[in-house]
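Thanks for coming. I will go through one protein chain today, from the whole down to a single residue. Please have the sequence and the structure open.

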Amino acid sequence: MNIKAFRLSLISAITFLALSSASSAAPIITNGEAHVGELAVLSVETSQIPAGGSVEWSVSPTTGKNPDRISLRSGGLECAFMPLDTEPVKVMASFIDRGGNVLSSSETLITPKEFKINISVVVDKPLALWDSEKRSDYNLSSESLLANSPVKISAAFEPEFNGTPVFKWTADTATAILEDKGSEITIRRSSVGESEISVTAFNSSGVKLGNSSGTVNINVPVSTMEESSREREAWQDWQKSQELWNSARYAEAA
């Protein structure tokens, strides 16, 4: 074999080995699903880095905003960044030897999601009505909410958000927001009906994390509770009179 043919054979072999190495590169490891407004952490296996070599990361959005706070961790084994919207982000890790040559590379596409926010009613104590036949109170279902009375509403992230969120609540014109404690508010509707509630959450930098809306069914009229209270008080008054009468305290029982 002449020298020229030997060189061509050697180049072909090196090229084949490089391509084989690139195609066999381990995939980028993601730390769970990426969410908007929260750091996404990606990593590579130590075995992929050649002796004395390094990892070069590339993060680029497909159409949206550039991710915020791009940083390297663990000596370059990890890349962290914060997605600002739900547009896909392409991440590439190149494995470089000590001479600066790219031996192989891996890439992945990250599609951030907004957080799901669940709105629910907080029931501290169930409503109770008087049962005139049994002469005792009975609790209504947890879905029973009294008109013209405070009702607590809470918001919770799914999955949990690792940060300090800011909540912005709104309600329809027939519903008053009496108190706002961030993830929990207290509302009141003067009459029976559905209160429309919505909430939007942001991280401390103002990046939108997600939003949700729903209706709260205020379904127990004030008159129902008033009538129940009158019946309860009437029974208690009668019972007290009986006790006084049985004790021969007729004047007080009258």
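Buried residues, meaning those under 20% relative accessible area with a 1.4 Å probe and protein chains only, make up 32% of the 254 residues in the protein chain. On that scale exposed means over 50%, and partly exposed is in between. Before going further: this is a predicted model, in which local features need pLDDT of at least 70 and side-chain atom pairs count only at pLDDT 80 or more, while totals for chains, interfaces and linings use all residues. Residues are numbered from 1 along each chain as its sequence is written, and side-chain values use heavy atoms, with hydrogens and water left out.

The chain exposes about 15500 Å², by the Shrake-Rupley method with a 1.4 Å probe. Carbon and sulfur atoms supply 50% of that area.

Next, the secondary structure. There are 3 helices and 16 strands, taken as DSSP runs numbered from the N terminus (helices: H or I, at least four residues; strands: E, at least two). Contact means heavy atoms within 4.5 Å. Of the contacts in the chain with a separation of 6 or more, 60% are accounted for by residues 24 or more positions apart.

Now the pockets. On a 1 Å grid over the protein atoms alone, a pocket is an open set of points where a 1.4 Å probe fits, with protein on both sides within 12 Å along at least five of seven lines; lining residues have an atom within 4 Å of a point. A volume is the space filled by probe spheres set on the points.

The largest pocket has a volume of about 410 Å³. Its lining has 25 residues, and Glu-33, His-35, Glu-38, Leu-39 and Ala-40 lie nearest the centre. Two or more lining residues come from each of β2 (40-43) and β7 (102-110); β2 gives the most, with 3 residues.

The second largest pocket has a volume of about 280 Å³. It is lined by 16 residues, and Val-122, Asp-124, Lys-125, Leu-145 and Pro-150 are the closest to its centre. Strands β8 (116-122) and β11 (151-158) each supply at least two residues of this lining.

Last, one residue. Is Ser-94 buried or exposed? Ser-94 sits in strand β6, residues 89-96, and it counts as buried because its relative accessible area is 10%. Leaving aside neighbours within four places in sequence, Ser-94 is in contact with Ser-54, Val-55, Glu-56, Val-102, Ser-104 and Ser-105.
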